[in-house]
Amino acid sequence: MSTPTEIAERRTRVRHLAQSGASNRRIADELGVSKDTVRRDLAAEPDPVKPPVMSQRERLAQRVAHTEQAVSQVSTAVQALVDGRPAAVFTDDATAERWWRTLGEAAAQLQAAADAFADYHPCATG
């Protein structure tokens with residue numbers, strides 16, 4: 001039997017996979033659950049008017065799941081950018097300058113996040 005924390009984590013993962021275009025069957029196979037469980041998890045959207053009361057452990061698990069999703073999305077976006085080779089794209093000067101500025105700002109924010117992570121988890125970065 002799954003704990004509320006495990007259910008919340010699974011539902012977060014199910015929603016993420018569904019939003020990325022995965023079929024219910026693929027989600028079920030990947031998570032090791034039935035298609036009916038996937039269907040119920042997708043139907044069990046949280047009520048935005050009355051958020052569920054969660055324990056501190058559940059909130060932490062949800063935050064970990066959201067952070068895992070965000071890190072995965074950043075990694076995917078960076079890989080797409082690298083594959084697109086923006087430096088080799090012919091474009092006008094204004095667009096090139098905007099891309100350069102945007103990439104520089106994003107790189108600075110990512111570096112700040114990496115530095116903060118290293119401060120909290122030095123054993124993971126050594």
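**Helix packing**

Student: At what angle do helices α2 and α3 pack?
Tutor: In this predicted model, α2 (residues 24-31) and α3 (residues 35-43) pack at an angle of about 110 degrees, and their axes are 8 Å apart. The two helices are therefore roughly perpendicular to each other, since angles of 65 to 115 degrees count as such.

Student: Which residues make that contact?
Tutor: From α2 there are Asn24, Arg25, Ile27 and Ala28, and α3 contributes Lys35, Val38, Arg39 and Leu42. By class, the residues of the contact of α2 with α3 are four nonpolar, one polar and three charged.

Student: Now α1 and α4: what is their angle?
Tutor: Helix α1 (residues 4-19) packs with helix α4 (residues 56-84) at about 25 degrees, with axes 9 Å apart. The pair is therefore roughly parallel.

Student: And which hand does the crossing have, left or right?
Tutor: The crossing of α1 and α4 is right-handed. Its contact includes Pro4, Glu9 and His16 of α1 and Arg57, Ala61 and Gln69 of α4. The contact of α1 with α4 has three nonpolar, seven polar and three charged residues.

Student: Changing topic, how far apart are the end C-alpha atoms of α5?
Tutor: They are 41 Å apart.

Student: What caps the N-terminal end of α5?
Tutor: Aspartate 92 does, with a side-chain oxygen 3.2 Å from the backbone nitrogen of alanine 94.

Note on methods:
Residues numbered from 1 in each chain as written. Predicted model: local features only at pLDDT ≥ 70, side-chain atom pairs only at ≥ 80, totals over all residues. Heavy atoms only, no water. Axes fitted to C-alpha atoms, helices over the stretch in contact; angles between N-to-C directions. Helix = DSSP H or I, 4+ residues; strand = E, 2+ residues; numbered from the N terminus. Parallel < 35°, antiparallel > 145°, perpendicular 65-115°, else oblique. Contact = heavy atoms within 4.5 Å. Nonpolar A, V, L, I, M, F, W, Y, C, P; charged D, E, K, R; others polar. Left-handed = near helix turned anticlockwise from the far one by under 90°. Expected span 1.5 Å × (residues − 1). Polar contact = N/O pair within 3.5 Å; in protein donor to acceptor, adjacent residues only side chain to side chain.
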